[in-house]
Amino acid sequence: MWKTILRRIMIMIPEVIILSLLVFLLAKAMPGDPFTGSINPKADPAQLHHLMKLNGLYDPWYQQYWNWVVHLFHGNLGNSYQYQEPVTRLIGSRAVNTLWLALFTTILTYCFALPMGMYAAKHEGKLPDSIIRVYTYVTYCIPFFVILVIGIWIFGYVLGWFPTTGSISSTATPGIGSIGSRFYHILLPGILGALFGTVNVVQYLRSEVIDAKRSDYVRTARSKGVPEKDIYKHHIFRNSLLPIAAFAGYSITGLLNGSLFTETVFSYPGMGLLFINSISYRDYTVITALVLIYGILNLLGTLLSDIILSIVDPRIRIE
Amino acid sequence: METTSDFLNIKDVNTAFKINGKYYDAISHINLTVHHDEILAIVGESGCGKSTLATTIMGLHDPSETKISGEIDFEGTDLLKLDEAGYNKFRGAKIGMIFQDPLSALNPLKRIEDQISEVMTYHTKLTAEQKHNRVLELLKEVGIVDPKRTAHQFPHQLSGGMRQRVIIAIAIACKPDLIIADEPTTALDVTIQAQILDVLRKIQAENHAGIILITHDLGVVAETADRVAVMYAGQIVEEGSVEQIFNTPKHPYTRSLLRSMPQRDNQNDDLYVIQGNVPSLQKMPQIGDRFAPRIPWVKPEEHEKNPTMHEIEPGHEVRCTCYKSFSFPDQVGSVKA
C-alpha cells in the first residue's frame with residue numbers, strides 16, 4: 001500500500017517538472033507585458049525598458065525559468081506586478097476563501113446527490129425518478145454561469161435573501177459575527193455550485209445502482225433470503241458508492257474550475273477571481289503560480305482518487 | 001413414481017414476462033414433483049424456460065414485470081402465495097440455489113467468509129464464532145483445500161472452480177431440503193465439472209436433499225440424474241427415469257437431442273442438427289405441438305391438436321401423440337422432408 005503511494009508520488013515528480021515548464025512558457029508566450037497598462041502612457045519608453053530589464057524580463061527564457069524555480073524552492077513565488085505584494089501572501093489570503101467555498105460546495109453536492117441518485121435508482125421508472133432525471137438533464141444543459149446569474153437575480157436581487165458579492169460584510173463584528181457573515185456569503189454560491197455539481201454524481205450513481213440491482217451477486221443475495229432493505233444496504237449501495245468515492249478525488253479539479261465562474265460572478269475574493277484578474281493584467285508571477293498550484297492540486301486529486309479506490313476496492317489493493 | 005417422499009409439487013405453473021406491455025408465457029403448465037434423495041435433471045436448449053422455472057421456484061422475479069400462476073407446494077406451503085418476507089424464510093434456508101456463472105455471482109467487495117455467513121445470519125441463531133466454524137466446515141465439505149485462507153479472500157482471488165464451490169457452500173449452508181442447481185458446471189472446464197458434480201452428489205447423500213439440476217449437457221444428466229424432465233419452448237415434453245429417457249426416448253425432441261450428442265457409435269457420422277431455433281416468446285405457437293415446425297416432415301395429423309402428457313410406462317410421460325410414428329428422415333420408413 002505505502003509502496004504504491006510512494007511510487008505514485010515518484011511518478012508525480014517528472015509530471016510536476018513538465019507542468020511547471022509548460023506553465024512558465026505559456027505565460028511567457030502571452031502577448032503584452034505587465035507594465036504598459038499600468039504606467040503613464042506618456043512615460044519615456046526607455047523607462048519601460050529599464051523596468052523590464054530590472055525585472056529580468058529580457059533574460060533568455062531558460063534563465064528566467066531557472067531563477068523562477070530556484071525562488072520556488074525558497075518558497076518565493078515572486079512579487080505581483082499589479083499588487084506589488086508577494087504572490088504567496090496574495091494567494092494565501094484568497095486560498096482560504098476558495099477552500100471554504102469549495103469545501104462547502106462539495107459537502108452540499110454530496111448531501112444532495114447521494115440521496116437523490118439512490119432514491120431515483122431505487123424507484124427506477126416511477127415519478128420521482130422522472131422528476132430527478134428531468135432536473136439533471138435541464139441543469140446539465142444550462143451553462144454554469146447562466147445558472148449563477150439567474151440564481152443571483154432570483155435569490156439575491158428579487159427575493160433579497162442572500163448577499164450577491166464579496167466574502168464578508170463590511171459591518172461584520174470580529175469573532176463569531178465574522179464567521180456568521182462569511183458563512184452567509186458562501187451560502188448562495190455554495191448552493192448554486194452544488195445544484196450544478198450534483199448532476200454528474202446523481203446520474204453516475206443512479207446508473208451504478210441500477211446496474212447493481214440487476215447484477216448476479218444481488219440475485220445471489222436474494223436467493224440467500226436477505227431482506228430487500230439489507231440487500232440495498234449491504235450489497236447495492238456499498239458497491240455503487242465505490243466509483244463515486246473514487247470520483248471524489250477528481251472532483252477537486254471540477255471545483256476549482258467552477259470557482260473561476262462562481263468567484264467572478266459573485267466577485268468573491270478567492271483564487272478564481274484572482275486568476276481571471278491576473279490574466280487581464282498580464283501579472284505573470286501570479287498566473288504561473290496559480291496555474292502551477294491548480295496543476296499540482298489536480299495531480300494530488302488523482303492520487304487521492306487512486307488511494308481511495310485502493311482502500312475501498314479489494315480488487316485493486318496491492319499486497 | 002409417486003412416493004410419500006415427495007416434498008415439492010409444482011402444479012400447473014405459468015410464468016409470463018411483460019414485453020412491450022403484453023405478457024408472454026415463458027413457461028406454461030409445468031407439472032413436476034421432486035423427492036428427497038433424488039436428482040431431477042431438467043434439460044433443453046437455451047431459451048426453453050429451464051432457468052425461468054428455477055427462478056420461479058426461488059421467487060426471484062420482479063412482480064411488476066412478470067405474472068405467475070399455478071401452485072408450488074413446498075412441504076405443505078404454497079410458495080406462490082407468500083409475500084417477500086415469507087419467501088425469505090424459505091430462500092437460503094430450505095431452498096438453496098447454485099447459479100450458472102460463478103464469476104459474477106459473488107459480491108466482488110466482500111470476503112468469502114462474509115458471503116457464506118450472511119445466509120446463516122438470516123436463518124440461524126448461531127454466534128459469530130459458530131458461524132466462523134461452520135464456514136470453515138462448509139468450505140472443507142465442498143472440497144476447498146485451505147478453508148482458513150480462502151475464507152479470508154475476495155472472489156477475484158479465487159479460480160472459477162473455487163468460486164463455484166463457494167457458491168455451493170452458500171447454497172448448502174443451512175442444509176436445505178431442495179437445491180436448485182442452474183447449469184452449475186457450464187462455465188467450468190471438464191475436469192472441474194466432474195469434481196463439482198461429485199460435491200453435489202456427496203452433499204445430497206448427506207443431507208437427503210432433493211436436487212433440481214438444470215443443464216443442457218446430456219452427459220452430465222446421464223452421469224448424475226435419477227429422473228429427467230425434457231423441456232421445450234416452455235413446456236415439459238417428456239419426463240421419466242434416466243434409464244427410460246436414455247434407453248427408450250419417445251418424444252421427437254428428446255430423440256433429436258440424444259441424436260445430436262456425439263457418441264461412441266456415431267463418431268464417424270455427421271452429428272444430427274435440429275432444424276431451426278427455439279421460437280422467441282412473442283412468436284411462441286399457442287396451439288398445437290410447439291416442436292412441429294422443427295420436424296416438418298411429420299404429417300400434421302400425427303400431432304395432437306392440443307398436446308397433453310401421456311403416460312406410456314409408470315413414471316414415463318410424453319407430450320403429444322406424434323412420437324408413435326416418428327422417425328428421422330434419413331432412417332428407414334421415413335418420408336423425406
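## Domains of chain B

Chain B is divided into domain 1 (6-94 + 174-325) and domain 2 (109-173), with bounds that come from an automatic or database domain assignment. The model is predicted: local features need pLDDT of at least 70, side-chain atom pairs count only at pLDDT 80 or more, and totals for chains, interfaces and linings use all residues. Residues are numbered from 1 along each chain as its sequence is written, while chains are lettered from A and ligands numbered from 1 in the order in which they are written.

Taken over C-alpha atoms, the centres of domain 1 and domain 2 of chain B are separated by 29 Å. Between them, 15 residues of domain 1 of chain B are in contact with 15 residues of domain 2 of chain B (contact: C-beta atoms, placed from the backbone, within 7 Å). On the domain 1 side, helix H7 (residues 190-207) of chain B gives the largest share, six residues. Helices (H or I, at least four residues) and strands (E, at least two) are DSSP runs, numbered from the N terminus. The residues on this side of domain 1 of chain B divide into eleven nonpolar, three polar and one charged; Ala, Val, Leu, Ile, Met, Phe, Trp, Tyr, Cys and Pro count as nonpolar, Asp, Glu, Lys and Arg as charged, and the others, Gly among them, as polar.

## Annotated span

An unreviewed UniProt entry places the feature "domain: ABC transporter" at residues 8-258 of chain B. UniProt positions are given in the numbering used here, feature names are shortened, and annotations may be inferred rather than shown by experiment. The end C-alpha atoms of residues 8-258 of chain B lie 28 Å apart, and the span is 39% helix and 28% strand.

## Sheets of chain B

Four strands of chain B form an open sheet with antiparallel pairing, in the order E2-E1-E4-E5; two strands pair if DSSP finds at least two bridges between them. Strand E2 (22-35) and strand E5 (77-78) of chain B stand at the edges with a single partner strand each, so one side of each has no neighbour in the sheet. Strand E4 (residues 66-74) of chain B runs antiparallel to E5(B) and is joined to E5(B) by two bridges. Asp73(B) has Asp78(B), in E5(B), as its bridge partner. Helix H1 (residues 50-58) of chain B packs on this sheet, touching strand E1 (6-19), E2 and E4 of chain B, and its direction makes about 75° with that of E2(B). Axes are lines fitted to C-alpha atoms, for helices over the stretch in contact, and angles run from 0 to 180 degrees between N-to-C directions.

An open sheet of eight strands in chain B has mixed pairing and the order E6-E7-E8-E3-E9-E10-E12-E11. Its edge strands, E6 (95-98) and E11 (309-313) of chain B, each pair on one side only. Neighbouring strands of this sheet are turned by 20° against each other on average, direction ignored. Within the sheet, strand E10 (residues 235-241) and strand E12 (residues 316-319) of chain B run antiparallel and are joined by two bridges. Val318(B), in E12(B), is the bridge partner of Glu238(B).

Chain A has eleven helices and zero strands. Its C-alpha atoms fill a box of roughly 85 × 55 × 40 Å, taken along the principal axes. The mean pLDDT of chain A is 82, and 93% of its residues reach 70 or more; pLDDT is the predictor's confidence in each residue, from 0 to 100. Among the elements of chain A, helix H2 (residues 45-54) has the lowest mean pLDDT (74) and helix H8 (residues 216-223) the highest (92).

In the interface, 18 residues of chain A are in contact with 25 residues of chain B. H8 and helix H9 (228-266) of chain A are the elements that give two or more residues to the side of chain A that touches chain B, and H8(A) gives the most, with six residues. By class, this side of chain A has four nonpolar, six polar and eight charged residues.

Notes. Contact = placed C-beta atoms within 7 Å.
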